[in-house]
Amino acid sequence: MPKDVAVEEFAGLVRALKARDGRSYEALGRRLSVSASTLHRYCSGATVPQEFAVVGRLALLCGADEEERRALEAAWTEADRARRRAASPAPAPVPAVSAAPESNPEPSAPEPGPGPAPDPTAPEADRARPRRGAPAPLLVAAAVALVVLTLVAALLGHPTRTASAPAPASTAPGRTAAPLPFTWSIGSQLWEGGCGHTYLVDRAPRAVAPPPVAADSGAWAGTHGAVHGGEALVRITIQGRSPSDAVVLHALHVRVVDRAAPLPWNAYRMDNGCGGAVTPRHFAVDLDRPRPLARPVDGLDASGAKVRKIPAVSFPYKVTSSDLEELLVSARTAGCDCRWYLELEWSAGGRTGTVRITDGGKPFRTSGTRGRPTYVYDSAEGRWITDSDSGQTG
């Protein structure tokens with residue numbers, strides 16, 4: 001299928017940035033916390049990233065000025081719209097409603113007259129009940145209700161990715177809320193290395209669509225009502241509003257709001273064999289612990305000839321408008337269906353505060369997969385098969 005013009009334009013800008021920098025896909029990917037193959041797909045136009053943050057970071061690394069960054073963001077916006085249009089099926093047609101002509105007002109009630117003769121074969125109660133048609137207002141109301149239900153069904157059938165808005169700052173009684181000195185956004189449908197992830201879905205294999213590319217994972221998961229299986233990866237991108245006044249990020253806390261037994265659903269693995277793996281440094285969270293902590297962990301770069309350690313970095317962090325920070329959180333569980341969120345402590349210019357990080361206003365959700373039937377997709381046969389049949393392990 002030919003690529004959309006907007007996607008081609010965006011990919012050309014990304015290629016130009018990469019060529020200007022001169023570093024390899026592996027070297028740039030390490031700095032961006034993505035695999036070399038994922039970055040190559042951005043440059044070729046095979047994939048459009050779900051969030052602008054990763055290419056915004058690329059622009060900073062490659063020395064792009066503010067005008068170039070604005071042009072890149074505008075191109076990404078158009079390419080992202082094209083990607084979502086291509087990924088979404090056409091909406092269900094909405095039945096038209098015929099309104100009563102305004103020139104024919106409802107006539108006044110006629111004078112009572114002799115009605116039709118009763119049916120001698122009908123039950124006595126029916127013979128006693130007068131016969132008349134349904135009032136016109138009730139028919140119109142029923143038609144309107146049908147339209148509303150159809151619209152709701154169409155909307156529910158086409159979930160869209162929701163970008164997280166900056167969380168409001170704390171407000172003291174009687175004072176106007178001051179804006180946060182930084183902005184933040186999240187990515188909550190991430191795959192390890194851009195290719196490896198497991199979803200739990202309450203559907204049989206024949207009712208599950210083929211695995212999407214990582215950039216379309218949000219739409220796929222929303223359509224299938226999927227829940228992260230075993231691990232959820234959340235990337236938080238924080239950028240200061242001022243080029244000179246730094247914001248200090250002090251700590252990241254994990255709050256589990258609900259625990260239940262792991263979901264009894266089928267597990268579907270998204271592995272589709274993308275190249276060398278880069279596991280960036282991140283914060284590991286064990287949701288099975290009574291009080292989970294976000295623990296900084298080393299990363300590994302296995303994309304070259306040798307495996308290289310990427311040292312962990314602990315709090316505090318500093319961010320400005322030209323020096324953003326990305327925090328990658330890996331939350332795992334084996335024994336619960338957990339709902340959880342994060343709290344980020346910050347300070348700037350004598351102010352302090354805490355921002356609650358959620359998934360579009362709802363808690364993140366991760367469920368264990370132990371003992372669940374696991375399926376992988378067989379591209380040759382075009383169907384999901386059991387993990388044991390594929391010869392894979394995990």
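The paragraphs below lead through this predicted model, from the whole chain to its helices, its cores and its strands.

Residues are numbered from 1 along each chain as its sequence is written. Because the model is predicted, local features need a pLDDT of at least 70 and side-chain atom pairs count only at pLDDT 80 or more, while totals for chains, interfaces and linings use all residues, and side-chain values use heavy atoms, with hydrogens and water left out.

The protein chain holds nine helices and 18 strands, where helices (H or I, at least four residues) and strands (E, at least two) are DSSP runs numbered from the N terminus. Of its 394 residues, 40% count as buried, a word that here means under 20% relative accessible area, with exposed standing for over 50% and partly exposed for what lies in between (1.4 Å probe, protein chains only). If we take the contacts in the chain between residues at least 6 apart in sequence, 75% of them join residues at least 24 apart, and contact means heavy atoms within 4.5 Å.

Eight of its nine residues are buried, so helix 4 is largely enclosed by the rest of the structure. The buried residues are A53, V54, V55, G56, R57, L58, A59 and L61, and they pack against helix 1 (5-21), helix 2, helix 3 (36-44), helix 5 (66-87), strand 4 (231-240) and strand 13 (325-332). After helix 4 comes G63, with a positive phi near 80°.

One of these partners, helix 2 (residues 25-32), can be followed in more detail. Two packed helices are described by the angle between their axes and the distance between the axes. Within helix 2, A27, L28, G29 and L32 are buried, and the buried residues of helix 2 pack against helix 1, helix 3, helix 4 and strand 13. Just after helix 2, S33 takes a positive phi of about 60°. Most residues other than glycine have a negative phi, and most peptide bonds are trans. Elsewhere in the chain, a cis peptide bond with omega of about 5° joins F315 and P316, and P316 lies in the loop between strand 11 (308-310) and strand 12 (317-319).

We now turn to the nonpolar cores, each a set of buried Ala, Val, Leu, Ile, Met, Phe, Trp, Tyr and Cys residues joined through side-chain atoms within 4.5 Å. The largest has 31 residues, of which I236, I238 and W340 touch the most other members. Its largest share, six residues, comes from strand 14. A second, separate core of 24 residues includes F10, Y42, C43 and L58.

An open sheet of five strands has the order 1-4-13-8-9 with mixed pairing, where two strands pair if DSSP finds at least two bridges between them. Strand 1 and strand 9 (295-297) are the edge strands, since each pairs on one side only. Strand 8 and strand 9 pair in the antiparallel sense over three bridges. In strand 8 lies A284, which stands opposite R295 in strand 9. At 18% relative accessibility, A284 counts as buried. Although A284 and L328 are 44 residues apart along the chain, their C-alpha atoms are separated by 8.7 Å.

Strand 17 (residues 374-378) and strand 18 (residues 383-386) also pair in the antiparallel sense, over four bridges, with D378 opposite R383 in strand 18.
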